[in-house]
Every structure is written in structure tokens, then in C-alpha cells.
Amino acid sequence: MFENLKKYSDYAPFLLRLGIAMSFLVHGIPKLMNLSATSSFFASLGFPGFLGPIVGIFEVIGGILVLVGLWTRSAALWLSIIMLTAILFVHLPSGQGWELPILLLLMNLALLFRGSGKLAVDSA
């Protein structure tokens, strides 16, 4: 029944890239819009405040790189590290909101292992 879809399987990573990029841009851009609030928020979580804007920069740049498929594996690694840190030090200890970070971690790991696929600068 789904045999005809095999010819499109190289485009599946593009769908992962699109979802990852949207999420990281939606969460990264606000971190850069108010650096003071971002720093204060990170400090309230027990992290050095200066890490907040740095994480925001990595989320935005990583999201853009994943979206266009440039240095995809490197960007997926950076974003995986951010998600693993958030999971281990924020979400699991609080017992709340861990589902999306784990999903994003797994999506990034899939890109790290698989690569950018078609419709990517990496594949050009």
C-alpha cells in the first residue's frame, strides 16, 4: 500500500529539519529579544545568567542551519546538547514539561545519524 512512498524517503529528513527549525526559532528568538529577562531566567534555574543569551544564539543559528540543511549534523549535535542539558537539569528534576525536549532531542539525534537528506545545502 505504501510502496510508492519509498521514492520520497530521502525527503523525510527535510520534515524533521522543518519541525526542529520551527521549534528552536520560536524558542530562541524570544531569548534574544530581552537579554536581561533571559539572563535572569537562566539564573533562577541555577545556571550562570550569561548562558541564557548564548543558548538563544545557538538555538537561532542552529535552527537556521538545520532549516537550510547547512552543517546539519554539527547543528543537530549542538541542539542535542542543549536539549539533553535542559532535560537533565531542568525538566526531569521538576517533573514537568519534559516531553517536548525529549522529542526534540530524538529528532536532532535522528538528523545527526541520518544527515540532512534532500532539499538541503549539504546535499547540493
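## A residue of helix α2

Thr38 lies in helix α2, where helices are DSSP runs of H or I with at least four residues, numbered from the N terminus. Leaving aside neighbours within four places in sequence, Thr38 is in contact with Pro30, Lys31, Gly52 and Pro53, contact meaning heavy atoms within 4.5 Å.

This is a predicted model, in which local features need pLDDT of at least 70 and side-chain atom pairs count only at pLDDT 80 or more, while totals for chains, interfaces and linings use all residues. Residues are numbered from 1 along each chain as its sequence is written, and side-chain values use heavy atoms, with hydrogens and water left out.

## Packing of α2 and α3

Helix α2 (residues 35-44) packs with helix α3 (residues 51-68) at an angle of about 110 degrees, their axes being 7 Å apart; the axes are lines fitted to C-alpha atoms over the stretch in contact, and angles run from 0 to 180 degrees between N-to-C directions. That makes α2 roughly perpendicular to α3 (65 to 115 degrees). The contact is made by Leu35, Thr38, Ser39 and Phe42 of α2, together with Leu51, Gly52, Pro53 and Val55 of α3.

## Aromatic cluster

Phe41, Phe42 and Phe47 form one aromatic cluster, rings being paired if their centres lie within 6.5 Å. Phe42 is buried at 10% relative accessibility, whereas Phe41 is partly exposed at 48% relative accessible area.

Terms used:
Helices (H or I, at least four residues) and strands (E, at least two) are DSSP runs, numbered from the N terminus. Angles under 35 degrees count as roughly parallel, over 145 as roughly antiparallel, 65 to 115 as roughly perpendicular and the rest as oblique. Buried means under 20% relative accessible area, exposed over 50%, partly exposed in between (1.4 Å probe, protein chains only). Rings of Phe, Tyr and Trp (its six-membered ring) pair if their centres lie within 6.5 Å; planes under 30 degrees apart count as stacked, over 60 as edge-to-face and the rest as tilted.
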